[in-house]
Amino acid sequence: MKQREQWTSKIGFVLAAAGSAIGLGAIWKFPYMAGTNGGSVFVLLFIICTLIIGLPILLAEFVIGRRGKSDAVTSLKKLAPGRKWHWMGWMGLGSSFILLSFYSVVGGWILSYLVRAIFFKLDITDHSELFNSIIANPLEVLIGQAVFMVLTIWIVQSGIRGGIERASRVMMPLLFVFFILLAIRSLTLDGAMEGIRFLFVPDWSYLTGKTLLMALGQAFFSLSVGVTAMMTYASYLQKEERLGQSAFNVSILNIVISLLAGIVIFPAVFALGQSPAEGPGLIFVVLPAIFNEIPFGALFIIVFFILLLFATLTSSISMLEIVVSTGIRNKYERRKRAAWMFGILIFIVGIPSALSFGLLADVKMPGGGTIFDFADMLTSRIGLPIGALLISIFAGYVLTTAETDDELRMHPLLNRSWKFIVRFIAPIAIVIIFIASFIM
Ligand code: PHE
C-alpha cells in the first residue's frame with residue numbers, strides 16, 4: 001500500500017498554505033465585494049473578521065489537522081471516537097466541491113484573457129464590452145473552465161506538486177512586485193484619490209448585518225478556512241512547525257494582498273470613469289485598462305496573467321485535494337483515478353455556473369442572483385461560516401487544553417487567549433453575524 005505523503009521541507013507547508021490562501025479570493029473577489037458593498041466599511045469589517053475570527057480558526061484547523069494526521073474524516077474520527085464530528089469532514093468535502101465548481105469558471109476567464117493577451121492585443125477602448133462578450137460565449141467559458149480543471153487535476157494527481165510549491169517561491173513574490181508597480185501606476189492617474197477615499201474613508205450607511213456576513217464570508221474564503229482544506233494540509237506536517245506563526249503570517253499576507261489589490265483597482269476605477277459596483281468582472285475590466293497606461297503594457301499583461309493563473313491554481317489544487325483525500329480516505333493507490341473522477345464531476349456541476357452570464361443569465365435562484373451567485377452564496381455565506389463555527393467548537397471544547405497546548409506551543413498567554421477566542425468569541429460572533437444578516 002502506498003504511503004501517505006509528507007511535506008518534503010519545512011518551507012513546503014508554509015508555501016502550500018499561503019498558496020492555498022492567496023488566490024482569487026484576495027485578488028478577484030475582495031475588490032469586487034468591496035466595490036459592491038460600499039468600499040471602506042466592508043474593508044474595515046474584513047480586516048477585523050480576519051484577525052479576530054479567521055486567524056484563530058485557521059490556527060484551529062492547523063491544530064486539528066496535525067493532531068489527526070489524516071484526511072479530515074479519519075482525523076475527526078480519531079480525535080472524537082464514537083461521535084458525529086466526522087460529518088464535518090464530509091461537509092468540507094461538499095463545500096470544496098461547490099467552491100471549485102465556480103472557482104474554475106473564473107480560472108477559465110483568466111485563461112481566456114491570457115490567450116487573448118498573447119494572440120490579440122487587449123488595447124481596446126471598451127473593456128466592459130470585451131468581458132461581457134467573453135462571459136456570454138458558452139463555448140469560450142466552457143473550454144476555459146475545462147482546461148483550468150484539467151490543469152488542476154493534472155497537478156493534484158501527478159508528482160509535480162513539490163515543483164509547484166518550489167516555483168511559488170519565485171512566482172508569488174513576482175506577482176507581489178507586479179501589484180506594487182500597478183498600484184503606483186493606478187495611484188498616479190488623474191482622479192485616483194477618489195478611489196483611495198472609497199476604500200478607506202468609511203461611509204457608515206453601509207454598516208449592515210448583510211455587509212458583516214459578506215465580510216466574514218470573505219475572510220473565510222480568502223483564508224481557505226471552514227472547508228477543512230487547511231486541516232488537510234496541516235495533516236501532512238511534522239511536529240516542529242510553529243503553527244501560530246504560520247497562521248499569523250498567512251493571515252497578514254492575505255490582508256496585505258487584498259488591500260494591495262484594492263489599491264490597484266479602485267483609483268483606476270474612479271480615474272477611468274468605471275463603476276466600482278461592476279461585480280465579478282471588476283478586475284477583468286480594470287486591469288487591462290491599467291496595463292494600457294503602462295509602457296510595454298501588452299507584454300507585461302501576459303506575464304501578469306500567467307502569475308495570476310499560477311496563484312489561482314495553487315488555490316484550486318487545495319480544493320481538489322480535500323475532495324480527493326476525503327473521498328478516498330486511506331486508499332492512496334486510488335488517488336490518480338479519484339482526482340480525475342472528482343475533477344470531471346466538479347466540472348460538470350460547474351457548467352450551469354459557467355453559463356450564468358450568457359445562456360442561463362435569466363435563471364434566478366433563491367436569493368435573487370444567478371446560478372453562479374447562488375453557488376458562491378451557498379459556500380461563502382452558509383457553508384464556510386457553518387464549517388468554521390464547527391471547527392471552532394471542536395477545537396475549543398472537544399480537544400483538551402493539554403492536547404491543544406501540545407500542538408500550539410506558544411507563550412501560555414497566547415495559548416489561553418486563543419482558547420478563549422475559539423471557545424467564546426468566534427462561535428458567538430459567527431452566530432450573531434449570521435442572525436444579524438437576516439434582520440438588519
Ligand atoms: N483561499 C482561496 C482563494 O482566496 C480559495 C479557497 C477557499 C481555497 C477554500 C481552498 C479552500 O483563492
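Modeller: Let me begin with how helices are compared: axes are lines fitted to C-alpha atoms over the stretch in contact, and angles run from 0 to 180 degrees between N-to-C directions. Please keep in mind that this is a predicted model.

Colleague: What makes α2 and α10 roughly antiparallel to each other?

Modeller: Their axes come within 10 Å and cross at roughly 170 degrees; angles over 145 count as roughly antiparallel, and α2 and α10 are therefore described in that way.

Colleague: Which residues of α2 and α10 meet?

Modeller: From α2 there are Gly25, Ala26, Lys29, Phe30 and Met33, which meet Met214, Gln218, Phe221 and Ser222 in α10. By class, this contact has five nonpolar, three polar and one charged residues.

Colleague: Why does the radius of gyration of the protein agree with that of a compact globule?

Modeller: Because a compact globule with 440 residues would have a radius of gyration near 22 Å, the 21 Å of the protein agrees with that expectation. The C-alpha atoms fill a box of roughly 60 × 50 × 40 Å along the principal axes, and 55% of the 440 residues count as buried, a term that asks for 20 or more other C-beta atoms within 10 Å of a residue's own.

Colleague: What makes up the shell around the ligand, by class and by helix?

Modeller: The shell has eight nonpolar, eight polar and no charged residues, while α1, α2, α5, α10 and α14 each supply at least two of its residues. Gly23, Gly25, Ser224, Ala229 and Ser315 are the closest of the 16 residues that surround the ligand.

Methods: Residues numbered from 1 in each chain as written. Predicted model: local features only at pLDDT ≥ 70, side-chain atom pairs only at ≥ 80, totals over all residues. Near = placed C-beta within 6 Å. Helix = DSSP H or I, 4+ residues; strand = E, 2+ residues; numbered from the N terminus. Nonpolar A, V, L, I, M, F, W, Y, C, P; charged D, E, K, R; others polar. Rg over C-alpha atoms; globule rule 2.2 N^0.38 Å. Buried ≥ 20, exposed ≤ 12 C-beta atoms within 10 Å, placed from the backbone. Parallel < 35°, antiparallel > 145°, perpendicular 65-115°, else oblique. Contact = placed C-beta atoms within 7 Å.
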